[in-house]
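Subject: Structure for you to look at

Hello,

Here is the structure I said I would pass on. My notes follow below it.

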Amino acid sequence: MTAFTATDHLLMARALRLAERGAYTTRPNPMVGCVIAHGEEVVGEGFHQRAGEPHAEVLALQAAGARAQGATAYVTLEPCAHTGRTGPCAEALIAAGVSRVVSAMRDPFPQVDGAGFDQLRAAGITVESGLMEAQARQLNRGFLSRLERGRPWVRVKLGTSLDGRTAMASGESKWISGEASRQDVHKWRARAGAIITGANTVLIDDPSLTVRFDDDTPFLPPLRVVLDPGLATVARGRVRDDAAPTLYLHASDAKPPRDLDVQRAVAPVNGGRFDLEAVLKLLAAREINEVQVEAGATLAGAFVAAGFADEILLYVAPVLLGERARPLFAGLGIDAMAQRAQLTVVDARAMGEDQRLLLRPAKA
């Protein structure tokens, strides 16, 4: 195992922070950061900003100029070895004369997957990998999920009262959470490649499901995905506006209205319920890395029950709604304590008067 130094850790952490700056704009590409240094002296750095634009290594090399000669390049993901919309980063590092490349992890993308490392080693460059790999995987969990599992990373977002209720019996839910929580949700939406909701949510809440920032933070509008077996909502609702693209998924026997120009696709529906695995595979084929589910108890519960909820983003407000209000999840089928779904708190913090919890299924 490679013995990385304190300087190695410091500069890789810097590269990871740089990479995260592309969270809202790089998809479907991964977030990547690069720092070029002589010892502790940083001579160049950069991060990948948008698909089709220069990669992190190229920007860092441009900033370093001639000082890249003999330097160490810290990269959060294996440098690419193929020509896509941009040239191979491995070749750029070789041409610049770096002497050492430290990578957080190997890139599982089939056209890279070790080829970048091989190219660098063949040119006589020292290559070391695995530094802060867990942090790098966490950063690009959606990209890695799509490549390694064939489906996007799924985050289920919910707002709840202290007694675990998400809406009144009538469906009324505005607003359980406070303003700080509602603003925070937009940051998570901006990370997502798609936001999934159900037909009932469109009919009852009429959400826009768009990203709204108070400043000029750049982002790519996520795809709005409406699961609507019979296309009952296809001609209504704010999800039909032009603020973001919208995809309607429906059953094969649905009859779309004539002369209605909408993006739609067929997905398997059994007994009125979508095959969620098929839905996620369909979105992966569209290069969606992360999905955020914003729906009612039935659809949220379906993702959890099927084992597709990779994380739950929960905003807990200091209010009580009572036993007649709607629950967080429906359809979990838990009848005994031994069947309980154990979750791990990954992050907990205050959002105004609310508490925000990021939870993931506990590992067995």
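**What was found**

Among contacts in the chain (heavy atoms within 4.5 Å) between residues at least 6 apart in sequence, 70% join residues at least 24 apart. This is a predicted model, in which local features need pLDDT of at least 70 and side-chain atom pairs count only at pLDDT 80 or more, while totals for chains, interfaces and linings use all residues. Residues are numbered from 1 along each chain as its sequence is written, and side-chain values use heavy atoms, with hydrogens and water left out.

**Overall**

The chain has 10 helices and 18 strands, taken as DSSP runs numbered from the N terminus (helices are H or I, at least four residues; strands are E, at least two). Its radius of gyration, over C-alpha atoms, is 23 Å, close to the 21 Å that the globule rule (2.2 Å times the number of residues to the power 0.38) gives for 364 residues, so the chain is as compact as a globular protein of that length. Of the 364 residues, 50% are buried; buried means under 20% relative accessible area, exposed over 50%, and partly exposed in between (1.4 Å probe, protein chains only).

**Cores**

A nonpolar core here is a set of buried Ala, Val, Leu, Ile, Met, Phe, Trp, Tyr and Cys residues joined through side-chain atoms within 4.5 Å. The largest one has 47 residues, and M12, I36, Y74, L93, V98, V101 and L120 have the most contacts inside it. Helix α1 (residues 6-20) gives the largest share of this core, seven residues. Apart from it lies another core of 32 residues, which includes L158, L249, I288 and F308.

**Rings and a buried arginine**

There are two aromatic pairs, counting rings of Phe, Tyr and Trp (its six-membered ring) with centres within 6.5 Å; planes under 30 degrees apart are stacked, over 60 edge-to-face, and the rest tilted. F213 and F219 have ring centres 5.6 Å apart and planes at 85°, so this pair is edge-to-face. Together with Y24, they form one aromatic cluster. F219 is partly exposed, at 25% relative accessibility.

Elsewhere, the charged end of R182 sits over the ring of W175, 4.5 Å from its centre; the rule asks for NZ of Lys or CZ of Arg within 6 Å of the ring centre and within 35 degrees of the ring normal.

R141, in helix α6 (residues 141-149), is buried at 8% relative accessibility. Leaving aside neighbours within four places in sequence, R141 is in contact with W153, R155, W188, R191, E290, E311 and R360.

Regards
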